[in-house]
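Hi there,

Here is the structure I promised to pass on to you. Have a look at it first, and then read on for what turned up.

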Amino acid sequence: TSPFPYGGHRFEFRAVGSTQNVSFVNTVLCALTAEAFKEFSDKIEAGQSPQEVAKVALNEHWKVIYNGDGYDPEWPAKATKQGVCRIDSGVDAINEMANPKNLKLFEDLKILNKKELEARRDVNLVHYVGMIEMEALCMIDMIVQQIIPALKEAQMSVESVQKAVDMVQKGLAAMHLENGLFEKATLARNLRLETMIEARVFVDNAEGECPAHLWPLATYKELLFLDANQDSNGNTV
């Protein structure tokens, strides 16, 4: 699919995260639209025909139109080659809010000034760091307080899952020691998308070997087929 598809009578924007507030996203989209209309209006009022203005704009921006498979793993590289701006990291995207080019856009349209834009950038980075910190601490608690005791009760080795805990704790400590906000958020992203995913592999392997009646957390089977795994009194069987 496309992050900005044409739906027949309108364009849709599908790149907003499920927990993200759409208010500032709409502000950005409206600012981009306003800038484009201003550029068109200035040229037309200067004497150019609307058809010529539209023709030039389309020829300059064909690179952003893509009707192929948006899931094609080769598409990101093609987009970069065509000169389409591409940012794969949400942290990097947040940090771009105060980019001089973006700052000029908002100031020229009298929407936000430098101080206001930088404040929004910093708030978003702080929010991201805090969210990842809570997820990491929750993961550590689940492994230490529930999974390791279950494995010990099953007389299984806890070496691998203890390694998982150590990995996450090390990443969390590195994040806490970093003073720079962007650098801290970058470490948080690495912790969430690399270290915690690697740690989960150890836990998933342990789940596959632990006796079902000793495993302390709900399995996918129990979550997806809850009714089939309960007796008449609502107890898990």
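A quick word on terms before the fold itself: a helix here is a DSSP run of H or I with at least four residues, and helices are numbered from the N terminus. Please keep in mind that this is a predicted model.

**Overall fold**

With that in hand, the protein chain reads α-α-α-α-α-α-α-α-α along the sequence, which comes to 9 helices and 0 strands. Its radius of gyration is 25 Å, well over the 18 Å that the globule rule gives for 237 residues, so the chain is more spread out than a compact globule. The C-alpha trace spans about 85 × 45 × 35 Å along its principal axes. Of the 237 residues, 24% are buried. Among contacts with a separation of 6 or more, 55% are between residues 24 or more positions apart.

**The cores**

The largest nonpolar core holds 34 residues, and those with the most contacts inside it are Ile-143, Leu-151, Val-161, Val-168, Leu-191 and Cys-210. Helices H4 (90-95), H6 (114-153), H7 (159-177) and H8 (181-209) each give two or more residues to this core. The most come from H6, which supplies 11 residues.

What does Val-161 touch, leaving aside residues up to four places away in sequence? Its partners are Ile-143, Ile-148, Leu-151, Phe-202, Val-203 and Ala-206. There is also a second, separate core of 6 residues, with Ala-31, Phe-106, Leu-112 and Leu-117 among them.

Helices H6, H8 and H9 (220-224) each give two or more residues to the lining. Which helix gives the most to the lining of this pocket? That is H8, with 7 residues. By type, the lining divides into 13 nonpolar, 1 polar and 5 charged residues.

Terms used:
Residues are numbered from 1 along each chain as its sequence is written. This is a predicted model: local features need pLDDT of at least 70, side-chain atom pairs count only at pLDDT 80 or more; totals for chains, interfaces and linings use all residues. Side-chain values use heavy atoms; hydrogens and water are left out. A nonpolar core is a set of buried Ala, Val, Leu, Ile, Met, Phe, Trp, Tyr and Cys residues joined through side-chain atoms within 4.5 Å. Buried means under 20% relative accessible area, exposed over 50%, partly exposed in between (1.4 Å probe, protein chains only). Contact means heavy atoms within 4.5 Å. Ala, Val, Leu, Ile, Met, Phe, Trp, Tyr, Cys and Pro count as nonpolar, Asp, Glu, Lys and Arg as charged, and the others, Gly among them, as polar. The radius of gyration is taken over C-alpha atoms; the globule rule is 2.2 Å times the number of residues to the power 0.38.
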